[in-house]
Amino acid sequence: MSVDSRFESLRSVVPSVSRETTERLIAFEALFHKWSKAINLASPSTLVDLWNRHILDSAQIFPLASHASHWLDLGSGGGFPGIVTACFLKEVSGASIDLVESAGKKAAFLRTATGHLDVPARVHSARIEAMWGKIETPEIVTARALASLNDLFRLAEPWLTSGSRALFQKGRDYQREIDESRVGWSFDLVQHQSAIDPASVILEISNLRRAAD
């Protein structure tokens, strides 16, 4: 796929994307492939379509909160959506994102990518619970392919009950997860249909509280 084709595909999900951000994401794609030869950053079956399956899928998050300046990505793994978001935040004055990843090798990749791409991201090689009280309440909390909605609420509770808004990407079982989480939690929900996968959604969560509160 040419640079122009990648640029046009990005514009389909982020109309305001610049050429510079596109080039940064292409550089990230190349770095990801290089590191994937040594460590497992993503399912091997998805690497042949990395641009669409992971980069575009992650990019569609940004327009939902493009004016937010402080983001937090939980379980960042290979950088989706954390590093992709950081590439967009490079052009937002004063913006930054915290990436939390407990796996040492993946955290090392994230640090390499952050430096190589010169993006405003801080990498924390730690369990999410260890960062409670250490990362100030962000405007947006993201997570992709990390845990069930119930578990995500538990992991992100200190931030989401303090005013953060969540943008969680979920697959075809999202309705079951929503129904199950309603038992123990109360929250406001807006569902955004994925622009990449018709069976997937982005769940926008705010005003999270334990149901007993």
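**Close-up views of a predicted model**

**View 1. Strands S1 and S4 run side by side.** Strand S1 (residues 70–74) pairs in the parallel sense with strand S4 (residues 140–144) over three bridges. Within this pair, Leu72 has Val141 of S4 as its bridge partner. Strands pair here if DSSP finds at least two bridges between them; helices (H or I, at least four residues) and strands (E, at least two) are DSSP runs, numbered from the N terminus. This is a predicted model, where local features need pLDDT of at least 70, side-chain atom pairs count only at pLDDT 80 or more, and totals for chains, interfaces and linings use all residues. Residues are numbered from 1 along each chain as its sequence is written, and side-chain values use heavy atoms, with hydrogens and water left out.

**View 2. Here is the open sheet of seven strands.** Its order is S3-S2-S1-S4-S5-S7-S6, with mixed pairing. Strand S3 (121–124) and strand S6 (185–193) are the edge strands, each pairing on one side only.

View 3. Axes are lines fitted to C-alpha atoms, for helices over the stretch in contact, and angles run from 0 to 180 degrees between N-to-C directions. Contact means heavy atoms within 4.5 Å.

**View 4. Helix H7 lies across S5, S6 and S7.** Helix H7 (residues 174–181) runs at about 165 degrees to S6. Its other two strands are S5 (165–170) and S7 (201–210).
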